[in-house]
Amino acid sequence: MNRALKNGINGVKVGFRAVDFVCCKINKSKDWFLLRVAERIPRWISPNLLSVIRIGFAGLIIIILINFRYTGRWVSWLFILSVVTDLIDGPIARAHGKISDTGAFLDRLGDKLIICPMVIALLWPYDKILVPVLVSSEIISLYIAIGAIRHSIPAHSNWLGKWKMAGQSIGIIILLFFPQATEVAVPILWAAVALGAASLWSHFMEYVAPRQNQNQNKEGS
């Protein structure tokens, strides 16, 4: 029994490493392509400008969603434009050497302001468990990002966070254009929640835990 359990755990670890390897390769290929695109974008289009534009789109989406008569096409296109700005702001920052903690925070803030209203408006009638879980996880993620910046801990997203945003975007686009396809969108959004939790844990193990150990060592000495 113990041997079978151990083999099962080892199998899961091997599977996770394989998935991690494939996802990292796909992510690097995507970043390479977007970086080539970003190099052709004028320098006056800064990543922070794109994040501010995305925050503005979020405000427009919220206003439109409040006026239920005007939902539909406008919200769909504003959301797609927001996803496009989210795809290219990171590569632009790397291509032009404009990576900063402020930019990383604005990027995350724009993501949250876009995703949360859309999830609430589109998914609440179908899944009243996923909506609060997803929105709460986004709020927690933003709170942690604020705390990281205050303590000079890098707040840049990792590949797990990028795939989480991709999953959220795909799930919402499915709901926008195929409202009845909730059986497809809901599992994708749950997977995005899991990726978000894994991303936060990865950040904790990479940045927070080592600093806690350093502080404990200093106190011990």
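**Exercise 1.** Is K164 buried or exposed?

*Solution.* Start with the location: K164 lies in helix 6, where a helix is a DSSP run of H or I of at least four residues, numbered from the N terminus. Next, take the relative accessibility, which is 10%, so K164 counts as buried. The cut-offs are under 20% relative accessible area for buried, over 50% for exposed, and partly exposed in between, with a 1.4 Å probe and protein chains only. Finally, list the partners: leaving aside neighbours within four places in sequence, K164 is in contact with K112, E138, A192, L195 and G196. Contact means heavy atoms within 4.5 Å.

The model is predicted, so local features need pLDDT of at least 70 and side-chain atom pairs count only at pLDDT 80 or more, while totals for chains, interfaces and linings use all residues. Residues are numbered from 1 along each chain as its sequence is written, and side-chain values use heavy atoms, with hydrogens and water left out.

**Exercise 2.** Describe the overall make-up of the protein.

*Solution.* Count the elements: the protein has seven helices and zero strands. In sequence order the pattern reads α-α-α-α-α-α-α. Of the 221 residues, 38% are buried. For the contacts, take those between residues at least 6 apart in sequence: 78% of them join residues at least 24 apart.

**Exercise 3.** Work out how helix 2 packs against helix 4.

*Solution.* Two packed helices are described by the angle between their axes and the distance between the axes. The axes of helix 2 (residues 47-66) and helix 4 (residues 101-123) cross at roughly 20° and come within 9 Å. Axes are lines fitted to C-alpha atoms, for helices over the stretch in contact, and angles run from 0 to 180 degrees between N-to-C directions. Helix 2 and helix 4 are therefore roughly parallel to each other; angles under 35 degrees count as roughly parallel, over 145 as roughly antiparallel, 65 to 115 as roughly perpendicular and the rest as oblique. The crossing of helix 2 and helix 4 is left-handed, that is, the near helix is turned anticlockwise from the far one by less than a right angle.

Now the residues: on helix 2 the contact includes N48, R54, F57 and I61, and on helix 4 it includes G103, D107, I114 and M118. By class, this contact of helix 2 with helix 4 has 13 nonpolar, four polar and three charged residues. Ala, Val, Leu, Ile, Met, Phe, Trp, Tyr, Cys and Pro count as nonpolar, Asp, Glu, Lys and Arg as charged, and the others, Gly among them, as polar.

**Exercise 4.** Which residues of the largest nonpolar core touch the most other members?

*Solution.* A nonpolar core is a set of buried Ala, Val, Leu, Ile, Met, Phe, Trp, Tyr and Cys residues joined through side-chain atoms within 4.5 Å. The largest one has 29 residues, and I61, F79, M118 and L123 touch the most other members. At least two residues each come from helix 2, helix 3 (73-95), helix 4, helix 5 (130-150), helix 6 (159-177) and helix 7 (182-220). Helix 4 gives the most, with six residues. Taking M118 as the example, and leaving aside neighbours within four places in sequence, its contacts are I61, L65, V75, F79, L123, I172 and L176. A second, separate core has five residues, including I41, I45, L50 and I88.
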